Amino acid sequence: MTAEITKPSTAPLEWEYATSREATDILDLEDKYGLFIDGEFVKPKSKSYFPSINPATEETIAEVAEAGEADVDAAVSAARRAHTEVWGPMPGAERAKHIFRIARMIQERGRELAVLETLDGGKPIKEARDVDIPLVAGHFFYYAGWADKLEYAFPGIRPESLGVAGQVIPWNFPMLMLAWKVAPALAAGNTVVLKPAETTPLTALLLASIATEAGLPPGVLNVVTGAGKTGAAVVSHEDVDKVAFTGSTAVGKLIQSQLAGTDKKLTLELGGKAAHVIFEDAPLDQAIEGVINGIFFNQGHVCCAGSRLLVQENIHDRFVDKLKRRLATLRVGDPLDKNTDVGAINSRAQLDKINELVESGQSEGAEMFQPDCVLPDRGFFFKPTLFTNVAQSHRIAQEEIFGPVLSILSFRTPEEAVEKANNTPYGLSAGVWTSKGSRILWMADQMKAGVVWANTYNKFDPASPFGGYKESGFGREGGRHGLLPYLKWSES
Amino acid sequence: MTLASQRSSILPDRITTPTLRSFLGGVPSVDDVGAAERVAALSTRSIKRESKLDALMMMIRMMDLTTLEGQDTAGKVAQMSAKAIRPDPLDPDVPSTAAVCVYPNMVKYAVQATEGTSVKVASVATYFPSGLADTDLKVEETSRVVNEGADEVDMVIDRGAFLAGEYFKVFDEIRRVKDASGEAHLKVILETGELGNLDNVRRASMLAMAAGADFIKTSTGKIQPAATLPVTLIMLEAIRDFFEATGVMVGMKPAGGIRTSKDAMKYLVVLNETLGTPWMTPDWFRFGASSLLNDVLMQIRWVKTGRYWSADYFTKD
């Protein structure tokens, strides 16, 4: 039935929230950043710099050094020396003090970090402020607690640090991915050479200066900025003992083949195309919020994003209607506005990729829906997008889009839901919504995914391990499991 | 099609407790954690400047200024009505409240005090707050307050019957009170603090709307918890589902425990982002409150002058 709005006697308030912009004057940024090697910022031997831009305005925020092979070599040597002389021999309780201090300073300077994360990466300030940075501090606190308890973490073995960890992290959660990797590495007694993503290097550099202020010994944490070549130099450096990479499956495969035949330890956290399964007995309105959070959180730049929605046939139309209406209430725009729900796409290249895949979805015959929202004139933005009538064979159902684009399919039986959910080379995460406890357990058992969320989505906790099946990678980050990739042991 | 037949279009042909039970069984379940998360997320909205002032003014327009005490007197009701008509004598921009809300015996005084103004008179009825009386008595009380000039009737449902699964009894009572209300608007109080969980809140909302409620209201204010944001969200979602199924708009009134404009702002945000602009009017949304008004007045003064004024500058009525 088409319902009509009854005309009220008192005119309704058309309530536009005034802009509520987070101030950026808390930041004290340099025009040019060097590499952070052996406890200080140094000019790159490569003499090369690249701009880091604000994706919401396309303005350059700062010039950042591009580390060449000689720079990476210097960073690895510093890390090696720090491991041999200082950090390796240091008692766990002392290491813990350093990590706790960093955690506390992250909290104290949380607003600064959140603003910079939003400025450099384009994510909404409310997410950087309420999700990213609190989790970052949480990870450092959590792993600080393990530093002097490693013998108890894995009973019966005597754990030892590996040495130098080379870590390459992505641009979607610059600080959080840093925390997932740096905190357990340091707690386990390793030293680190970190390569942040080229579009989001600034918070890692800010963290380096925080670590210095916290008194972290020189060489324990080194930050080498740059693009793919710099990353390749880090992972292929012969004095690196351990490589941890988060990013695309293509690059992950390349790294694994490069490391073949070496004794470097490797963990990979790669792409995903998570199935988000909605059963007819789900709490529908909360499921809508879960789906929205699953795909539009951080503009869909989330490896575990719930990008394939599987809705039971008999509620499909009603659920899609609810979803469309909810999409229209998302506030897309200036990431620094505290009321923004969906911010800027991280880079021009990513925007192009999203556009390309969305066009393929249309030409392959899926039906597209976008709400009526006005995007800013400048910067990289993309409207929240739904596709219905999606076939399993469409590219938008197979490939990781890494943007605010949801592909919707339907299913009839739980068995069909499982078959469709697992019919992907990826296996990072999945979601299931139902009021039946038994069905949750059955689905979690059947779905080949490292994380299965039930009646919620995108929940993270430092104590909970995270990682993939199949081409989504191997190794776990977070929790006690997150220590393992940074340890070797002998039986005690 | 009449509104009444539109409403009953979602109901089974024969209305009995078993058929109503299966009707309510089709109402989507609610996940409490998810509902709490949604309102927590909406509570971080940052409302500044002109959008804040607009909202503060609307809060007053939407207010049912309430006194429901055993010690209420004609004088107290007259004083409160004066405040409802002209909340801030120093500021002509400040509008009147939507209504005053009183006990049945006070209706005649409220009618006198608000005569010739836009302020409506709402009366609680049906043996408020417990509702523990025969349906005939409740119907009789409703007729009495309407005859004395109440524009709006705030009834309570029979929570005992609802919780015991006697859905027909609840439904039929609402329907009879609605008939007795005549032209007066009927607000149906679910007393959500006694319903135990959000699934029941959603079901009771659907039952009340199908039976004829013009508004659904959270609480009497006599039971804790009274209005909460998650309960309000779930009732608004039920209103939306009902509107989509029948085309009938139903209003919402959270009542009890909303004391600060900061709290009220969160309710407006939840309303705005759940039902949207068509419901952002006193025709479809009310706050039931006694002490909220002065806090809103203080905020308005602050937004306009940039200074906080002491509580001594605002009348206590």
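Trainee: How many helices and strands does chain B have?

Mentor: In this predicted model, chain B comes with 13 helices and 8 strands.

Trainee: And what is the radius of gyration of chain B?

Mentor: For chain B the value is 19 Å, close to the 20 Å from the globule rule for 317 residues, so chain B is as compact as a globular protein of that length. Along the principal axes, the C-alpha atoms of chain B fill a box of roughly 60 × 45 × 35 Å.

Trainee: What percentage of the residues of chain B count as buried?

Mentor: That would be 56% of the 317 residues. As for contacts in chain B with a separation of 6 or more, 75% of them come from residues 24 or more positions apart.

Trainee: Switching to the interface, how many residues of chain A are in contact with chain B?

Mentor: On the chain A side there are 32, in contact with 35 residues of chain B. Helices α4 (125-146) and α10 (284-296) of chain A are the elements giving two or more residues to that side, and α10(A) has the largest share, with 5 residues.

Trainee: How does that side of chain A divide by class?

Mentor: You get 12 nonpolar, 11 polar and 9 charged residues.

Trainee: New topic: at what angle do α3 and α7 of chain A pack?

Mentor: About 155 degrees, with the axes 9 Å apart. Angles over 145 degrees count as roughly antiparallel, so α3(A) is roughly antiparallel to α7(A).

Trainee: Which residues make the contact?

Mentor: From α3(A), A:Leu113, A:Leu116, A:Glu117 and A:Asp120; from α7(A), A:Leu202, A:Thr203 and A:Leu206. By class, the residues of this contact are 4 nonpolar, 1 polar and 2 charged.

Key. Residues are numbered from 1 along each chain as its sequence is written. Chains are lettered from A and ligands numbered from 1 in the order in which they are written. This is a predicted model: local features need pLDDT of at least 70, side-chain atom pairs count only at pLDDT 80 or more; totals for chains, interfaces and linings use all residues. Axes are lines fitted to C-alpha atoms, for helices over the stretch in contact, and angles run from 0 to 180 degrees between N-to-C directions. Helices (H or I, at least four residues) and strands (E, at least two) are DSSP runs, numbered from the N terminus. Angles under 35 degrees count as roughly parallel, over 145 as roughly antiparallel, 65 to 115 as roughly perpendicular and the rest as oblique. Two residues are in contact if their C-beta atoms, placed from the backbone, lie within 7 Å. Ala, Val, Leu, Ile, Met, Phe, Trp, Tyr, Cys and Pro count as nonpolar, Asp, Glu, Lys and Arg as charged, and the others, Gly among them, as polar. The radius of gyration is taken over C-alpha atoms; the globule rule is 2.2 Å times the number of residues to the power 0.38. A residue is buried if 20 or more other C-beta atoms lie within 10 Å of its own, exposed if 12 or fewer, and partly exposed in between; C-beta atoms are placed from the backbone.
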